[in-house]
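Hi,

Here is the structure I promised to pass on.

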Amino acid sequence: MNKLLTVSPSPHVYGDKTVKRLMFDVIIALLPALAFSIYFFGLGAIYVTLTAVVSCLAFEWLIQKYLLKQEPTISDGSAILTGLLLAFNVPTNLPVWIIIIGSLVAIGIGKMSFGGLGNNPFNPALVGRVFLLISFPVQMTSWPVPNGFNTGYTDAVTGATPLGVMKEGIDKGDAVSDIMGQIPSHMEMFYGHMGGSMGEIAALALLIGFAYLLIRKVITWHIPVSIIATITVFTGILWLINPEANADPVFHILTGGVLLGAIYMATDYVTSPMSVKGMWIYGIGIGVITVLIRVFGAYPEGVSFAILIMNAFVPLINIYLKPKRFGEEVNNG
Amino acid sequence: MLKTFAKGGVHPAESKYSASSVIENLPLPKTVSIPIAQHIGAPSKPVVQKGDKVKVGDIIAESAGFVSANIHSSVFGTVSKIDNVLDSTGYKKPCVIIDVEGDEWNENIEKLTDLKKEIGLTDKEIIQKINQSGIVGLGGATFPSHVKLSIPDGKKIDVLIINGVECEPYLTSDHRLMLEKSEEMLVGIQILMKALSVNRAIIGIENNKSDAIEHLSGLVKNYPGIEVQALKVKYPQGGEKQLIKALIKREVPSGGLPLDVGAVVHNVGTVFAVYEAVQKNKPLFERVVTVTGKSVKKPSNFMVRIGTPVNELIEAAGGLPEDTGKVISGGPMMGKALNALEAPVAKGTSGILILPEEMAKRKPESTCIRCAKCVSVCPQGLEPYLLNKLTQLEKNDMLEKNGVMDCIECGSCAFTCPAGLPLLDYIRLGKSRVSQIIRSRKQ
């Protein structure tokens with residue numbers, strides 16, 4: 001009985017969630033979308049994903065080891081996730097060197113310059129993506145036409161995304177009903193048979209991943225639902241006012257990065273609000289800004305910008321929108 | 001949908017290994033060390049000296065104020081000394097040490113265990129009897145029970161809530177009491193209803209004790225005004241504020257007491273002690289203690305005399321397992337880790353939990369990823385990640401503004417944190433700093 005006992009304050013038992021497990025759960029949730037992308041875009045999807053993931057891991061390891069002189073923490077899965085999300089946000093015919101630059105910006109500037117995991121104000125993958133979009137506008141908007149494994153890598157046949165076609169048509173003054181004839185049907189869009197960034201095309205796969213994240217309690221529904229609901233309501237009002245000059249809400253939800261952004265990027269723990277009230281404001285903000293950019297802005301797509309802009313408001317949201325405390329306002333009538 | 005409290009909460013593995021172990025009387029120890037500070041409030045004043053002979057139930061330390069409690073001898077024997085002994089807090093605390101010489105009880109105590117339903121005392125006499133008998137909250141908080149029953153002028157109580165939740169994993173002492181001393185408990189509830197002059201009492205029991213729910217639901221038919229309510233299993237439902245919210249949907253204001261919303265809460269163990277004190281004239285000198293753990297040979301529930309060293313309980317439950325890493329007084333969420341197994345059982349000791357080596361260590365720490373899981377599980381609607389940070393930065397005014405004093409220290413935040421951060425350690429530190437500031441402000 002002379003054994004030394006461990007003494008520590010309570011609690012003495014712990015839940016089974018770890019940072020690593022949460023990160024890998026998000027990665028698992030992205031796998032169906034990855035499978036759809038490979039099915040539609042062929043080898044290009046594999047090249048882009050591997051390049052982004054490997055270079056994100058390498059940059060994080062190099063920066064931690066040689067620049068910050070700390071123990072590398074790449075095994076926590078967060079760099080893999082950043083790489084995967086960056087790949088999901090670029091066309092599958094993007095040259096390797098551009099992806100590597102994007103990974104460096106995402107990890108180096110987006111994450112490590114702020115102190116690494118947990119300290120970055122902006123979603124690293126989106127920082128990388130937007131940097132590439134502004135620096136390499138031509139390569140970043142040459143979308144390969146989905147031809148399955150016949151889709152070439154850098155020599156792929158390219159075409160506009162449905163959002164691009166819609167934007168251009170409306171700007172020219174064409175009627176929406178005519179433009180709809182030139183783009184895939186809503187059902188095709190739902191399965192992902194359309195041009196676009198690698199991981200954003202297949203709504204079905206992204207929703208399967210969403211269900212997985214909810215079942216595993218990795219994220220709550222508040223942010224994705226508030227974004228999607230806001231976009232539905234906002235574009236729905238515009239569509240009801242003039243259906244010939246505005247696309248319908250289902251089109252807006254299925255195209256571009258709405259689902260990818262709402263489910264996987266806006267919900268990034270580090271860069272989203274802490275309270276449920278805050279999550280609603282943040283989600284509504286992203287929805288409104290997305291529609292404003294899509295309908296009134298110069299770019300056909302605005303999800304990335306919308307998320308980054310709302311990321312900037314998160315510290316403010318966290319200060320002003322606090323959870324309601326137990327017994328703070330009592331109404332026992 | 002079963003009732004529960006609205007905000008936050010977690011569901012740790014229940015691990016109720018001792019749920020079917022019938023309460024056994026633990027053999028008398030050779031000596032007992034009875035702490036004179038085993039309740040919230042002023043430590044009691046010893047009224048015995050070295051060499052004094054005491055019988056079971058004799059008073060050995062007197063209440064030292066309104067918020068304090070009498071302490072009675074749990075054995076028959078001779079006071080060998082009054083000395084400092086390591087107790088469950090990990091510090092040496094003054095104890096009355098008695099060498100056991102037999103089991104002769106004070107002659108005023110009625111030893112027969114037959115059920116006595118007739119309540120002879122008036123409301124005032126009941127409260128006085130509870131005060132004299134040294135009864136404190138046996139759920140673990142050890143707040144003197146007579147204080148809770150003395151309702152200040154201007155407050156109106158309309159419901160008595162009985163806490164049979166036992167939301168801590170592993171512990172089963174309340175569960176066993178509800179099954180084995182059910183009628184006594186129900187009479188105890190009637191006594192408390194009389195003392196408070198209320199005509200409604202609700203027993204809240206979590207749904208993992210369906211046998212107790214069924215058993216009591218059948219019996220309460222003969223006890224008008226008493227209801228049994230099954231609750232969804234969710235920790236920390238046994239917290240007073242959470243239990244009131246779950247059962248009657250009233251929210252105790254921040255900084256307030258249950259009586260501010262017309263409710264008084266007592267634990268089932270306390271209710272049984274009240275029955276024995278009022279009906280059998282038996283002061284509080286023994287209680288049910290669960291001895292349990294994954295590697296414990298014989299997970300048990302013992303009726304234990306106060307002051308018995310913890311290692312005697314462990315011996316009776318099959319001895320200390322080989323792989324023991326940590327021994328906890330209380331449950332795994334709020335209990336205290338013991339540094340010495342000689343520590344005596346006190347009035348607030350609801351269980352002894354033995355964790356194996358692999359469960360004794362904390363989760364490895366990584367950085368906060370701001371996942372907000374601590375915010376979503378906090379039953380008090382606080383932001384543990386923020387309180388943790390503010391404590392580290394010593395921002396005491398911000399800590400107070402962000403409600404650190406509302407923390408009930410349930411540990412849900414630290415339990416759930418995927419980064420393994422010691423959130424509650426820092427919040428406790430912040431709380432103690434802020435409470436010092438509040439005290440100095442009042443002076």
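**Two helices in chain A**

H11(A) and H14(A) cross in a right-handed sense. This is a predicted model, by the way, so please read everything below with that in mind. The two helices cover residues 222-241 and 276-296 of chain A, and their axes come within 8 Å, crossing at roughly 40 degrees. An angle under 35 degrees would count as roughly parallel and 65 to 115 as roughly perpendicular, so H11(A) and H14(A) are oblique to each other.

Who makes the contact? On the H11(A) side you'll find, among others, A:His222, A:Ile223, A:Phe234 and A:Leu238. H14(A) brings residues including A:Met279, A:Trp280, A:Tyr282, A:Gly283 and A:Gly287. By type, the residues of this contact divide into 14 nonpolar and 7 polar, with no charged ones.

**Where the chains meet**

Between the chains, 33 residues of chain A are in contact with 56 residues of chain B. On the chain B side, strand E15 (324-329), helix H13 (412-416) and helix H14 (423-442) each supply at least two residues. The largest share comes from E15(B), with 5 residues. The side of chain B that touches chain A is made up of 29 nonpolar, 15 polar and 12 charged residues.

**The sheet in chain B, and a helix on it**

E15(B) turns up again in an open sheet of 6 strands, which run in the order E1-E14-E13-E17-E15-E16 with mixed pairing. At the edges sit E1 (24-25) and E16 (336-337) of chain B, each pairing on one side only. E1(B) runs parallel to its partner E14(B) (residues 300-305), and 2 bridges link the pair.

Some backbone geometry to check before you set anything up:

- The peptide bond between A:Ser10 and A:Pro11 is cis, with omega at about -5 degrees. A:Pro11 belongs to the segment before helix H1 (19-41) of chain A.
- Chain B has a cis bond from B:Tyr235 to B:Pro236, where omega is near 0 degrees. B:Pro236 is in the loop between strand E11 (226-231) and helix H6 (240-248) of chain B.
- B:Thr142 is not a glycine, yet its phi is positive, about 50 degrees. Its place is the loop between helices H1 (123-132) and H2 (145-149) of chain B. B:Thr142 has 20 C-beta neighbours inside 10 Å, so it counts as buried.
- B:Glu166, also not a glycine, has a positive phi near 45 degrees. You'll find B:Glu166 in the loop between strand E9 (159-164) and H3 of chain B. B:Glu166 counts as buried because 32 other C-beta atoms lie within 10 Å.

Cheers

Technical notes. Residues numbered from 1 in each chain as written. Chains lettered and ligands numbered in written order. Predicted model: local features only at pLDDT ≥ 70, side-chain atom pairs only at ≥ 80, totals over all residues. Contact = placed C-beta atoms within 7 Å. Helix = DSSP H or I, 4+ residues; strand = E, 2+ residues; numbered from the N terminus. Nonpolar A, V, L, I, M, F, W, Y, C, P; charged D, E, K, R; others polar. Pairing = 2+ DSSP bridges. Axes fitted to C-alpha atoms, helices over the stretch in contact; angles between N-to-C directions. Parallel < 35°, antiparallel > 145°, perpendicular 65-115°, else oblique. Left-handed = near helix turned anticlockwise from the far one by under 90°. Buried ≥ 20, exposed ≤ 12 C-beta atoms within 10 Å, placed from the backbone.
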